[in-house]
Amino acid sequence: MAYFLGLVLALAAFWLGMSGHNTPLILSLGSISLIVTCILAYRLDIIDREGSPYVRLVGFLLYFPWLAKEIVKANISVIRACVKADLDIAPALVKVKTICKSDLAKVTFANSITLTPGTVTVEIEGDKLLVHGLYEQDSQPEAFVEMDQRSARAIDGKGAAA
């Protein structure tokens, strides 16, 4: 019930913020569309913790600045590699085990790796990710532990990682 109520409030806030109209006709049409959307979501049984992003908003807002800093650091490393006269990259494929429990947390972790320049998540299978990196020494599984813990904590919750 809490997820349903959260969905109603989130959709109403989003609709009001995006529309900017408050005439009776527009408000009534918006209310009707909100009711239909919520009924469909309930009937499709898609109202759960994983489909409720507002539950994880604080965790994500704490995770995003850290990820942005990591992206900038990786950009500097890749730019250095690009401007050097000799290309000294040593590509590698490594398997990284994740502590993330939910599919959303695993995808967030995989996308975080891919957003970081010089690394790409090639495959997710169970709790293992196949990652391609430009530099073998920077692409070892230990290099992704902090990102894994932070993404698990942001998406799965407090108990996911210490």
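Three strands make an open sheet, ordered β1-β3-β2, with antiparallel pairing. The model behind this description is predicted.

**The sheet**

β1 (92-97) and β2 (119-125) stand at the edges. Each has a single partner strand, so one side of each lacks a neighbour in the sheet. On average, neighbouring strands of the sheet are turned by 25 degrees against each other, direction ignored. β2 pairs with β3 (residues 128-133) over 6 bridges, in the antiparallel sense. Within β3, Leu130 is the residue opposite Glu123.

A helix joins the picture. Helix α4 (residues 103-115) packs on the sheet and touches β1, β2 and β3. The direction of α4 makes about 155 degrees with that of β2.

**The largest pocket**

The largest pocket holds about 380 Å³ of space. Its lining counts 19 residues. Nearest the centre of the pocket lie Ala74, Thr116, Pro117, Thr119 and Asp138. Which element gives the most to the lining of the largest pocket? That is α3, with 6 residues.

The table sorts the lining by class.

| Class | Lining of the largest pocket |
|---|---|
| Nonpolar | 10 residues |
| Polar | 5 residues |

Terms used:
Residues numbered from 1 in each chain as written. Predicted model: local features only at pLDDT ≥ 70, side-chain atom pairs only at ≥ 80, totals over all residues. Heavy atoms only, no water. Pairing = 2+ DSSP bridges. Helix = DSSP H or I, 4+ residues; strand = E, 2+ residues; numbered from the N terminus. Axes fitted to C-alpha atoms, helices over the stretch in contact; angles between N-to-C directions. Contact = heavy atoms within 4.5 Å. 1 Å grid on protein atoms, 1.4 Å probe; cavity = no way out; pocket = protein on both sides within 12 Å on 5 of 7 lines; lining within 4 Å. Points joined across faces, edges and corners; volume = space filled by probe spheres on them. Nonpolar A, V, L, I, M, F, W, Y, C, P; charged D, E, K, R; others polar.
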